[in-house]
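Please open the model in your viewer, colour it by chain, and keep a selection panel at hand. The tour below goes from one interface to the next and then into single chains, saying at each stop what to select and what is there.

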Number of protein chains: 4
Amino acid sequence: MKINMHFGSDNHLVVHPQILDAIVKANSGSTCAYGLDDYTKEAKILFNKTFGECETYFVGNGTAANVLALASIVRSYEAVICTKQAHINTDECGAFEKYIGGKLLTTSKDDYFLFPEEIEYWVNKYKNFCHAVQPKVVSITQTNESGRIYSIEQLKAIAQTAHKNYLYLHMDGARIANAAAYLGCSLKEITKDIGVDILSFGGTKNGLMFGDAIVFLNKNLAENFEYIQKQGMQLFSKMRFISAQFIALLQEDLWFKNAKNANEMAEYLVSQIKIINHVKLARELNGNEVFLELDLNFAKKLQEKYLFYIWETNFKDEKEKAICRFVTSFCTTKEDVDLLINEIKTLPFYAQFL
Amino acid sequence: MKINMHFGSDNHLVVHPQILDAIVKANSGSTCAYGLDDYTKEAKILFNKTFGECETYFVGNGTAANVLALASIVRSYEAVICTKQAHINTDECGAFEKYIGGKLLTTSKDDYFLFPEEIEYWVNKYKNFCHAVQPKVVSITQTNESGRIYSIEQLKAIAQTAHKNYLYLHMDGARIANAAAYLGCSLKEITKDIGVDILSFGGTKNGLMFGDAIVFLNKNLAENFEYIQKQGMQLFSKMRFISAQFIALLQEDLWFKNAKNANEMAEYLVSQIKIINHVKLARELNGNEVFLELDLNFAKKLQEKYLFYIWETNFKDEKEKAICRFVTSFCTTKEDVDLLINEIKTLPFYAQFL
Amino acid sequence: MKINMHFGSDNHLVVHPQILDAIVKANSGSTCAYGLDDYTKEAKILFNKTFGECETYFVGNGTAANVLALASIVRSYEAVICTKQAHINTDECGAFEKYIGGKLLTTSKDDYFLFPEEIEYWVNKYKNFCHAVQPKVVSITQTNESGRIYSIEQLKAIAQTAHKNYLYLHMDGARIANAAAYLGCSLKEITKDIGVDILSFGGTKNGLMFGDAIVFLNKNLAENFEYIQKQGMQLFSKMRFISAQFIALLQEDLWFKNAKNANEMAEYLVSQIKIINHVKLARELNGNEVFLELDLNFAKKLQEKYLFYIWETNFKDEKEKAICRFVTSFCTTKEDVDLLINEIKTLPFYAQFL
Amino acid sequence: MKINMHFGSDNHLVVHPQILDAIVKANSGSTCAYGLDDYTKEAKILFNKTFGECETYFVGNGTAANVLALASIVRSYEAVICTKQAHINTDECGAFEKYIGGKLLTTSKDDYFLFPEEIEYWVNKYKNFCHAVQPKVVSITQTNESGRIYSIEQLKAIAQTAHKNYLYLHMDGARIANAAAYLGCSLKEITKDIGVDILSFGGTKNGLMFGDAIVFLNKNLAENFEYIQKQGMQLFSKMRFISAQFIALLQEDLWFKNAKNANEMAEYLVSQIKIINHVKLARELNGNEVFLELDLNFAKKLQEKYLFYIWETNFKDEKEKAICRFVTSFCTTKEDVDLLINEIKTLPFYAQFL
């Protein structure tokens with residue numbers, strides 16, 4: 001399928017040319033394995049510059065970044081408070097439970113946003129009650145799983161409530177770049193400055209080939225992590241090829257440019273969609289994920305040409321409707337969006353599709 | 001350090017140019033994520049051609065390949081029979097025990113080679129005894145951890161004894177290419193044909209950037225593996241970049257050419273070392289790992305210029321001696337070896353080093 | 001505290017005299033350890049008579065009975081469907097997640113009763129989706145955690161839906177005796193006959209000292225259980241003292257008499273409470289757990305003399321109200337209930353309590 | 001089989017009458033469940049009197065006592081140093097690996113006794129090497145698995161070496177009473193005073209019905225143990241029936257009297273055996289386990305009448321010999337031993353047995 005037909009996910013795409021260049025350039029000379037190379041040293045320094053004092057380790061992917069970050073804090077009789085739709089709860093095949101043995105305590109006010117009062121609910125419910133797991137960490141996803149972004153105020157309130165209750169704050173940052181671009185903040189301002197203790201910093205959705213960073217903003221938590229990383233099957237021998245990518249991503253704010261383009265293309269898509277009668281914006285747009293409400297049959301027809309995911313059906317008792325997700329990326333162009341819009345406009349919309 | 005100064009390990013080296021080319025070429029167009037792309041499809045077909053009927057999955061590294069391969073067979077009350085120096089026992093930070101919860105039953109006749117009668121020892125010792133773990137798998141490493149290679153006859157005897165006792169045979173093939181090149185066999189002849197059930201097929205030491213293959217030669221064992229892979233934090237989104245590497249490695253026998261060069265350079269190194277008085281070959285050479293017995297102080301002096309590992313000291317009650325490992329690779333040249341030999345010859349050898 | 005002041009739980013009470021007698025009588029002569037004794041043999045035969053063809057193993061307590069029963073079926077990438085308030089989800093300190101590594105998928109229609117359509121919801125939601133755990137077992141609690149009892153029809157519907165979807169049915173039977181007594185059924189009729197595959201059969205709440213039985217009604221699932229039991233730290237050396245208790249409990253239907261008395265005393269308590277103005281029955285009574293809605297301050301005052309638990313506060317926006325649980329048992333007498341009722345009647349009820 | 005025919009193990013026997021009495025007496029009145037009762041309070045105080053300042057928890061059996069004691073200290077990337085024949089390594093079906101995920105590093109100088117220099121071997125071998133598990137605890141068994149007893153000097157040397165290397169010392173005390181009786185020491189003198197940090201204190205082999213104590217002599221290590229206990233499936237509801245047993249065992253030194261009788265009967269057995277020609281003492285006697293070297297066929301013949309275990313065959317290349325274990329107990333009498341001796345003397349000894 002041609003690249004501009006893919007709105008399925010930002011990890012369906014190519015590696016950003018500058019990232020690939022960095023990989024190619026790193027392919028010269030011998031280095032020590034397992035992270036004892038100069039690329040990794042340089043990358044760690046860059047993380048310090050970007051986030052302030054921190055300890056950084058590189059692992060293979062987002063699931064590993066979430067699970068091993070939490071494994072460094074949580075004992076099996078402890079728990080992580082998160083939303084029902086948190087990636088760790090729904091999309092990692094139980095990796096958290098398998099690896100850590102702990103429990104995820106999910107919140108109920110909203111499927112995607114977590115609220116401070118829900119932290120207190122779980123803390124108080126089980127306090128000193130040995131028949132139940134004890135909350136130890138709050139984990140939030142920024143940008144969250146519905147493409148929405150916590151404001152600085154929301155983040156601060158969550159961090160304060162977590163810390164007041166002696167809980168650590170973990171952030172799943174698979175799309176944190178899009179959040180920073182949206183909020184107009186630096187990466188430090190939406191993590192360390194608001195009180196995040198550990199960050200899973202993802203790059204694959206923003207142009208990397210593979211590799212995620214676990215950033216211990218609270219450096220005490222990094223103690224012994226090298227053993228957790230190795231035992232967790234996430235210590236790569238030719239580490240320099242992960243580190244080189246992160247250097248390219250953080251240097252000269254490539255992460256920001258990539259995220260900015262993705263967000264802008266999503267905004268452009270929404271602006272164009274507004275004039276089409278039978279298509280509705282299903283969720284408020286924050287970052288680079290556009291959720292549209294389409295007629296189910298129409299969506300299926302459109303899928304013959306375009307790749308995107310039907311996210312939800314059978315909502316609001318309307319069986320004929322579908323919420324569909326369209327994701328833009330660092331390499332989406334205005335022309336790509338125009339072509340999609342044109343297809344939506346010209347593809348006949350009538351009930352006899354089935 | 002210059003590339004030809006590195007005899008530390010074959011994973012200290014660059015990615016083979018043809019592998020890197022394959023990665024660069026794969027960076028075009030969008031594909032589905034998580035292995036549902038055409039590169040992965042093609043790579044799996046190539047594994048079938050290479051190994052005969054099999055199911056193949058790609059994971060991040062060798063530890064993951066070993067642990068998840070075994071996780072597909074072993075329940076926590078079961079055990080894996082292996083040698084004391086098996087990589088899973090000594091070099092994976094307890095990843096097997098952590099992830100599977102089972103036990104490694106180590107053999108004692110030799111630290112590196114496993115013998116059929118030792119399989120029967122463990123099977124009989126615990127048969128139907130509910131107070132002890134039950135053997136389920138035999139795991140051997142080919143090339144083994146001392147650089148030695150099992151003969152076809154040895155492999156067959158192990159496989160037969162394993163199967164006769166209802167055990168599966170797993171092979172840790174981090175350096176299997178060197179073994180095949182040494183034995184003059186195809187990959188199929190030293191795995192499927194002798195009765196290996198699951199193979200961890202490593203490529204990083206033979207020119208890959210990252211990624212290992214778990215090859216289910218006994219296809220029944222692959223059932224449900226996609227869940228094990230995802231839960232095991234080893235399902236990579238941009239999978240095509242692993243698959244493309246394996247295509248390049250298996251196509252036109254690049255794996256063989258790489259291994260052959262590494263083995264030949266090791267042989268050449270040994271041939272040149274024989275004429276130096278104070279250096280002895282410590283272990284019989286099979287593949288690409290040369291173990292030399294050096295004076296400890298001399299070794300330390302040599303390490304100022306060359307990277308290699310001191311493998312063992314304090315053996316045979318000779319405190320002044322060290323067994324040192326020199327690993328050659330696909331990119332080692334005769335000139336590299338000559339320079340090393342020259343250094344060994346010209347570096348003064350006297351007791352006053354300290 | 002005197003025995004008749006305890007309405008806290010049916011496991012706060014003494015061991016039934018006949019059970020204790022059985023223990024004392026078993027204390028004669030030597031026997032083999034770890035279940036290879038005649039008492040255990042006899043007890044297993046009695047379970048066959050009681051439940052029809054089955055395999056039975058004895059463990060230490062209810063948490064162990066639930067976790068190891070499920071451990072015999074569930075792999076870590078699989079899941080158990082249960083209600084939000086299932087004991088395994090809320091009262092076992094995450095033992096399921098720790099020991100099995102799998103996930104509990106909770107239902108939302110009711111906190112305590114599970115409905116067939118919710119099984120299908122979870123099955124369909126994740127079918128063949130490797131990013132999520134795969135449902136394997138449905139677990140229900142009979143009598144459930146709110147003291148309510150599934151009807152035979154409800155049980156059959158659940159069993160059918162589970163089996164149709166290739167799921168096993170587990171029953172947490174910590175208070176199953178009360179359910180059988182309430183429904184007027186044999187133990188077999190509410191387990192094997194309706195399609196339960198594995199039963200955790202508890203006795204501590206019905207007069208035992210310690211020990212639970214895992215009853216594999218589907219005998220295939222018992223394969224290898226002796227290893228799971230030992231590894232699960234639940235193989236007791238002097239097993240005869242558990243087995244002897246179960247013999248006494250099943251012989252001459254002691255289990256039924258005990259449960260019947262408990263249920264009848266609960267009914268009597270409810271009948272007497274109805275005439276008191278400021279006390280309301282908070283949940284329909286089925287077995288031996290009476291949930292009363294009391295004024296919170298009144299409840300606290302009553303607790304100075306009686307032991308019972310405040311189950312819930314802050315419901316229906318009435319901060320001054322509390323749902324309190326009073327549990328009757330095999331040894332509760334009419335006089336005990338009358339004394340409690342009298343106390344409730346005579347303890348002044350006014351708002352100035354605080 | 002009559003009680004005096006059982007020399008199989010000290011857990012084949014009855015519960016000591018005073019222990020049973022204590023259980024019967026505890027069966028009066030209601031108490032809170034899960035250890036919040038007065039018996040448990042009193043038992044804990046008795047442990048303080050017996051061992052000095054400590055925190056004590058009661059679990060179901062010896063496997064649980066070992067695993068949960070170690071679970072309170074060891075993270076999955078850490079390791080326990082123990083002998084090859086340690087109960088945790090050979091007789092608990094991999095419960096340690098399953099529950100903790102860590103690794104047992106076994107010593108090789110002796111199968112049963114651990115030596116200080118072996119602690120240092122493992123510590124130095126892996127120091128700061130992230131590819132291997134990190135030693136955290138030394139675990140020794142007193143009386144050890146061959147019935148031998150560490151001297152106070154040996155214990156002190158082990159404790160010192162452990163602590164010097166920042167390791168904790170755990171003692172598996174399934175037969176610690178026999179060791180104290182043999183050494184003529186108090187329980188405190190062979191545990192807290194020599195530096196044991198955590199003790200698994202077993203009673204089943206010394207007259208208890210069920211239940212082991214985990215004694216945190218280093219009280220800091222007990223933090224959070226209530227959660228480990230519950231999650232570890234070892235929090236019993238009617239806890240008083242374990243606590244009451246321990247009260248009876250520790251009060252008036254019943255533990256000592258029981259152990260003394262067992263030891264003395266073992267000594268008497270050995271004294272009588274010495275005059276029989278074809279029977280040899282296979283291992284030095286310390287406590288209550290007598291290992292005799294018998295002709296294999298003779299042993300099998302004797303087993304038709306007496307229960308004891310053949311411990312080892314095929315040693316010293318003598319296929320016709322067997323090492324057999326005879327265990328005496330608190331209730332073994334001189335007459336029991338005399339009868340056994342008489343049987344050994346009169347049972348014809350000739351090679352044609354087969």
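Select chain A and chain B together: between them the count of salt bridges is zero, a salt bridge being a side-chain nitrogen of Lys or Arg within 4 Å of a carboxyl oxygen of Asp or Glu. The count of residue pairs in polar contact between chain A and chain B, both residues at pLDDT 80 or more, is 29. A polar contact is a pair of N or O atoms within 3.5 Å, where within protein one must be able to donate a hydrogen and the other to accept it, and residues adjacent in sequence count only if both atoms are side-chain atoms.

Before going on, note that this is a predicted model, in which local features need pLDDT of at least 70 and side-chain atom pairs count only at pLDDT 80 or more, while totals for chains, interfaces and linings use all residues. Residues are numbered from 1 along each chain as its sequence is written, chains are lettered from A and ligands numbered from 1 in the order in which they are written, and side-chain values use heavy atoms, with hydrogens and water left out.

Stay with chain A and chain B, where 51 residues of chain A are in contact (heavy atoms within 4.5 Å) with 51 residues of chain B. The area buried between chain A and chain B is about 4300 Å², and carbon and sulfur atoms give 59% of that area; buried area is the accessible area (1.4 Å probe) that two parts lose on being put together, summed over both. On the side of chain A, select A:Ser30, A:Met233 and A:Lys238, which lose the most area to chain B and together make up 18% of what that side buries.

Next, colour the helices and strands, which are DSSP runs (helices H or I, at least four residues; strands E, at least two) numbered from the N terminus. In chain A, α1 (17-26), α3 (62-71), α5 (95-100), α9 (225-231) and α10 (240-250) each supply at least two residues of the side that touches chain B, and the largest share, four residues, comes from α3(A). That side of chain A divides into 26 nonpolar, 18 polar and seven charged residues, where Ala, Val, Leu, Ile, Met, Phe, Trp, Tyr, Cys and Pro count as nonpolar, Asp, Glu, Lys and Arg as charged, and the others, Gly among them, as polar.

Now show chain C with chain A, where 21 residues of chain C are in contact with 21 residues of chain A. Chain C and chain A bury about 1500 Å² between them, 47% of it on carbon and sulfur atoms, and C:Cys93, C:Glu97 and C:Lys103 supply 34% of the area that chain C buries here, more than any other three residues. Two salt bridges are found across the interface of chain C and chain A. To see a salt bridge between these chains, select C:Lys103 and A:Glu97, whose closest N and O atoms are 2.5 Å apart. The elements of chain C that give two or more residues to the side touching chain A are α4 (87-90), α5 (95-100) and β3 (103-107).

Within chain C, select C:Arg175 and C:Glu289, which form a salt bridge with the closest N and O atoms 3.3 Å apart. C:Arg175 lies in the loop between β5 (168-173) and α8 (176-183) of chain C and C:Glu289 in strand β9 (residues 289-295) of chain C, so the pair ties together parts that are 114 residues apart in sequence. Both C:Arg175 and C:Glu289 are buried; buried means under 20% relative accessible area, exposed over 50%, and partly exposed in between (1.4 Å probe, protein chains only). In chain A, select A:Asp10, A:Arg175, A:Glu289 and A:Arg325, which are linked in a network of salt bridges.

Move to chain B and select B:Glu120 and B:Lys164, whose side chains meet in a salt bridge (3.3 Å, N to O). B:Glu120 lies in helix α6 (residues 116-126) of chain B and B:Lys164 in helix α7 (residues 152-164) of chain B, so the pair ties together parts that are 44 residues apart in sequence. B:Glu120 is partly exposed, with a relative accessible area of 27%, and B:Lys164 is exposed, with 56%.

Finally, in chain D, select D:Glu293 and D:Lys280, a salt bridge with its closest N and O atoms 4.0 Å apart. D:Glu293 counts as buried at 6% relative accessibility, whereas D:Lys280 counts as partly exposed at 46%.
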